Amino acid sequence: MKHIIIFFCFIFSSLVQAEQKQSFGKLEVHYNTFESTFLTPKIAQQYGFIRSKGRGLLNVAVIKPSKSDLPQTLPAIVTGKVTNLIGQIVKLDFVTIDEGNAIYYIAAFTKTDDEILRFQVDAKLDANSAPMTVKFKKHLYVDR
């Protein structure tokens, strides 16, 4: 059940927004943000996330697309940071969610209403590989 809920959050967030991905040769880094309140209290507690209108979650997956089979998610070393408009930088701490047939990485971040945040995510397949760096900015709001 927990897998269905987390997967639903990932898919729902992807559908609500335009698909967010960046290609690196034969690999893609998919990313999206969503409200921490989308998680059930049980799932949030299990993974140590705080459900709050002032908290968002960043979801990242490294994918090897396939024309004949379903895309394959790959294990990776994922790090990142988020910067606000006045230059405050906060390191993102990713939690690995490994469901066997799907691996993704989720990090929590704080947000305020009507705020633009800049994200940088680095994903590496192993410690010796070059990072796949994704940079994007997101205009965020706090639901009232």
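**Close-up views of a predicted model**

**View 1. Surroundings of V78.** In this predicted model, V78 touches V60, F94, Y105, V121, D122 and A123, leaving aside residues up to four places away in sequence; a contact means heavy atoms within 4.5 Å. Residues are numbered from 1 along each chain as its sequence is written, and side-chain values use heavy atoms, without hydrogens and water. Local features need pLDDT of at least 70 and side-chain atom pairs count only at pLDDT 80 or more, whereas totals for chains, interfaces and linings use all residues.

**View 2. The largest nonpolar core.** This core has 24 residues, of which L58, V60, V78, L92, F94, F109 and F119 touch the most other members. At least two core residues come from each of β2 (27–35), β3 (55–64), β5 (77–83), β8 (103–110), β9 (115–124) and β10 (132–140). A nonpolar core is a set of buried Ala, Val, Leu, Ile, Met, Phe, Trp, Tyr and Cys residues joined through side-chain atoms within 4.5 Å; buried means under 20% relative accessible area (1.4 Å probe, protein chains only). Strands are DSSP runs of E with at least two residues, and helices are runs of H or I with at least four, numbered from the N terminus.

**View 3. The second core.** A separate core of 13 residues includes F34, L39, Y47 and A61. Across the protein, 44% of the 144 residues count as buried.

**View 4. Residues 10–16.** Here pLDDT, the predictor's confidence in each residue from 0 to 100, stays under 50. The model has 10 contacts beyond four places in sequence for this segment. The mean pLDDT of the protein is 88, with 86% of residues at 70 or more.

Terms used: Buried means under 20% relative accessible area, exposed over 50%, partly exposed in between (1.4 Å probe, protein chains only).
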